[in-house]
Amino acid sequence: MGEQADRQIDTLYRVYSNDLFMYALGLGFDRETAMDAIHDVFYKLCLDENIVKGVTNIRFYLLRSLKNRLLDINKLKREIPGLSIGTIAEEIPFSIHVNVEDLMIENEEREKIRLQVEKLLESLTDRQREVIYLRFTQDCDYEEIALLMHISVPSCRKLFHKAITSLKKNPPYFSILLFFLLRDAFFA
């Protein structure tokens, strides 16, 4: 592999590895499995530098490659013959860990709000939490989310709408949650 390709993959790793790691943890995988899967994805890129050249949306490609690798790892660990990736994808829990330290609130209030926001997120299904995470935190469009979650685009839109509708039932904490989810987009 050429020196330029090495630098490009190194840059991609530095830019995206943290987001990929957080996504893998959100899917419920342990730190070691998450890092192994991320390294597997980048190893594949190192083996064939032409992969990167043919990709129009590298962030999406890396997210999808990571999720597929994690699904493969999960399937191998479970050793269930004939189990489809779609079935496994539906069974993987997804959680978002809330960190509201950036909010300008007293410590007691901060803890109360964090617990309420986590409770609000826990009221969603795993799939709803994943679609919210991908849409807001990873800025994926519906087509990308549908591919990542192995569902149709209309199903993805419906899942997102149901998640938002459910979250809106608690307006004060929904506003805080939106701030949490959107702050990276504004302060990046």
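Helices here are DSSP runs of H or I with at least four residues, numbered from the N terminus. Please keep in mind that this is a predicted model.

1. Let's begin with tyrosine 61, which lies in helix H4 (residues 58–78). Tyrosine 61 counts as buried because its relative accessibility is 14%, and buried means under 20%. Leaving aside residues up to four places away in sequence, tyrosine 61 touches Lys44, Leu45, Ile51 and Val55. Leucine 148 is 87 residues from tyrosine 61 in sequence, yet their C-alpha atoms are 9.6 Å apart in space.

2. On to ring pairs: the structure holds four of them. Phenylalanine 42 is buried at 5% relative accessibility, whereas tyrosine 13 is partly exposed at 25%.

3. Another pair to look at is phenylalanine 136 with phenylalanine 160: the ring centres are 5.9 Å apart and the planes are at 45°, so the pair is tilted. Helix H7 (residues 126–137) holds phenylalanine 136 and helix H9 (residues 153–167) holds phenylalanine 160, so parts 24 residues apart in sequence are tied together. Phenylalanine 160 is buried, with a relative accessible area of 12%.

4. Finally, Phe136 and Phe160 form one aromatic cluster with Tyr142. What sits over the ring of tyrosine 142? The charged end of arginine 135 does, 4.6 Å from the ring centre.

Terms used:
Residues are numbered from 1 along each chain as its sequence is written. This is a predicted model: local features need pLDDT of at least 70, side-chain atom pairs count only at pLDDT 80 or more; totals for chains, interfaces and linings use all residues. Side-chain values use heavy atoms; hydrogens and water are left out. Helices (H or I, at least four residues) and strands (E, at least two) are DSSP runs, numbered from the N terminus. Buried means under 20% relative accessible area, exposed over 50%, partly exposed in between (1.4 Å probe, protein chains only). Contact means heavy atoms within 4.5 Å. Rings of Phe, Tyr and Trp (its six-membered ring) pair if their centres lie within 6.5 Å; planes under 30 degrees apart count as stacked, over 60 as edge-to-face and the rest as tilted. A charge sits over a ring if NZ of Lys or CZ of Arg is within 6 Å of the ring centre and within 35 degrees of the ring normal.
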